[in-house]
Amino acid sequence: FFCKMSSCDACQAPFRKERRGLKCTLCDERRVAEPAYYCDKACQKRHWSEHKAFHAQLAAEFQRIGARP
């Protein structure tokens, strides 16, 4: 079983068993099936411009089908 949170979405550094990554808060709030995880706040901030586009697409799809994210 492959778990997406095995590495940082920004720098792809692998996570160790004893230290999980930081989950994107918006992914968590929206209960995204495969949320983004990061090593630290710096990686999360660096990746935000790219990841923000994902959330924009998700919001547009929810709006298209008349659901709330």
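So, reading along the sequence, the protein chain goes β-α-β-α, which gives two helices and two strands. Those are DSSP runs, numbered from the N terminus: H or I with at least four residues for helices, E with at least two for strands. Quick caveats: this is a predicted model, where local features need pLDDT of at least 70, side-chain atom pairs count only at pLDDT 80 or more, and totals for chains, interfaces and linings use all residues. Residues are numbered from 1 along each chain as its sequence is written, and side-chain values use heavy atoms, with hydrogens and water left out.

Okay, burial. Of the 69 residues in the protein chain, 26% are buried, meaning under 20% relative accessible area with a 1.4 Å probe, protein chains only.

What makes up the largest nonpolar core? Ten residues: C8, F15, C24, C27, V32, A36, Y37, Y38, C39 and C43. A core here is a set of buried Ala, Val, Leu, Ile, Met, Phe, Trp, Tyr and Cys residues joined through side-chain atoms within 4.5 Å. Nonpolar side chains do tend to be buried together in soluble globular proteins. Take C8: beyond its neighbours within four places in sequence, C8 is in contact with A13, F15, Y37, Y38, C39 and C43, contact being heavy atoms within 4.5 Å.

At the N-terminal end of α2, D40 is the cap, with a side-chain oxygen 3.2 Å from the backbone nitrogen of A42. Further along, α2, which covers residues 41-65, has a kink of about 60 degrees centred on W48. That bend is the angle between axes fitted to the seven residues ending there and the seven starting there. And just after α2, G66 takes a positive phi of about 75 degrees.

Technical notes: Buried < 20%, exposed > 50% of the residue type's maximum accessible area, 1.4 Å probe, protein only. Polar contact = N/O pair within 3.5 Å; in protein donor to acceptor, adjacent residues only side chain to side chain.
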